[in-house]
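Colleague: I am new to this structure and would like to learn how to read its side-chain contacts. Please take me through them.

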Amino acid sequence: MTRWLRRPIVWIPITVGLLALVVWRARPWEGGSRLGTLDLAPVLVAILLNGLVMLLWAVRSADLLGAAGRSVGIRPLVPMTALANTVNNLTPASVGELLRLYLLHEHHGVDYPTGAAVVLVERVVAIGYLAGSAAVAWVAHLVGLPDLVAAVAFVVLAGLPALPYVLGIRPSAVVAALPLGSLIGRERWARATGTLARVDGTVGALLTDPVRLIVFSGTTALVLATYAAQLWLVGQAAGVALDPVAAWGALGLSIAVGVVSFLPFGLGATDLVLVTLLGTLGASGPATAAIVFGYRLTATVPLALAGTASYAYLSATLPAGGAGGAMRAARAELDGSSEGPQR
């Protein structure tokens, strides 16, 4: 499989296809009627902030991998996390994370259970932070609570994912108790629950480590703040002064709706919610459309293009080792015959 993916005849058409999907989603032909006379200076700053987002993604991932005993440098993780984000947006149910597991294994020898644990923390917990903090920010705006309330709420949210593990509740134990052995075979079910227990153990170790939790929640908070700053900057470019906390509430809730919809890029669900919520903040119809479209072009599209370029680079530079050995190693890891370091 590795040799097959490294062939230009394979990765070049896929890269072109990804680019086509990005262009289709961006709808640049609508720009003339929606962008109007945007101030380009704030737009340029918003575009440059995408570099900070990708760096923070990589820093967060590198810290979790290192804590799980599989150290990977920040620089090689930049294209991997960018690619995963792009594929997640273009496909339903975060399929890009499966590709990231494969690339982590092939490029850096990260075993699949450890990689799965890190990805689960990055994806599931971060989405919980996103939706929870956005809901608090929006409610705080609606009822006129001080901005400090939203900040305190995020600190409280940061510790919630560790609570089940602190209380001794293990999701893997709940799943293992299900009577599925007679349906899929007792030996196969035992292997599956064993792998799940390994993943769950690593997740618990990461979430109950105070340093890891602080670093993870801190980098995630910076990522979300950068998203909000980009929307605020696009608002400035359109001549609309958005309240930063309210802007994050509107953007975060719209992103959460897009994630729950399981549609590529939210397929309009994110845009519809964002337009509606921005309208309640007092933005006019044309200004709201310009802000939403401008945010798509300054935040969504650059990250998607970076992910597409990352796919081409990572596919072309896959290690030249035999695919058979990699597949045998993967099966051994998933069967529980190879134990990865855990903390």
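**Reading side-chain contacts**

Modeller: The structure holds seven salt bridges. This is a predicted model, in which local features need pLDDT of at least 70, side-chain atom pairs count only at pLDDT 80 or more, and totals for chains, interfaces and linings use all residues. Residues are numbered from 1 along each chain as its sequence is written, and side-chain values use heavy atoms, with hydrogens and water left out.

Colleague: What is a salt bridge?

Modeller: Side chains of opposite charge can pair when their charged atoms come close. The cut-off is a side-chain nitrogen of Lys or Arg within 4 Å of a carboxyl oxygen of Asp or Glu. Here R212 pairs with D63, with 2.7 Å between the closest N and O atoms. This pair links distant parts of the chain, since R212 is in helix α13 and D63 in helix α4 (residues 40-67), 149 residues apart. Helices (H or I, at least four residues) and strands (E, at least two) are DSSP runs, numbered from the N terminus.

Colleague: Are R212 and D63 buried or exposed?

Modeller: Buried means under 20% relative accessible area, exposed over 50%, and partly exposed in between (1.4 Å probe, protein chains only). R212 has 12% relative accessibility, so R212 counts as buried. D63, at 18%, is also buried.

Colleague: Which residues are linked with D63 in a network of salt bridges?

Modeller: D209 and R212 are linked with D63 in that network.

Colleague: Which residue forms a salt bridge with D111?

Modeller: R198 does, the closest N and O atoms being 3.8 Å apart. D111 sits in the loop between α6 (96-108) and α7, while R198 is in helix α12 (residues 186-207), 87 residues apart. Both D111 and R198 are buried.

Colleague: How are E187 and R191 placed in helix α12?

Modeller: They are four residues apart, so about one helical turn separates E187 from R191. Their side chains meet in a salt bridge at 3.4 Å, N to O. E187 is exposed at 60% relative accessibility, and R191 is partly exposed at 30%.

Colleague: How is a pair of aromatic rings described?

Modeller: By the distance of the centres and the angle of the planes. Rings of Phe, Tyr and Trp (its six-membered ring) pair if their centres lie within 6.5 Å; planes under 30 degrees apart count as stacked, over 60 as edge-to-face and the rest as tilted. A search of the whole structure finds one aromatic pair. Y129 and F216 form this tilted pair, with 5.9 Å centre to centre and 45 degrees between the planes. Y129 lies in helix α7 (residues 112-143) and F216 in helix α13 (residues 210-237), so the pair ties together parts 87 residues apart in sequence. Y129 is buried at 2% relative accessibility, and F216 is buried with a relative accessible area of 2%.
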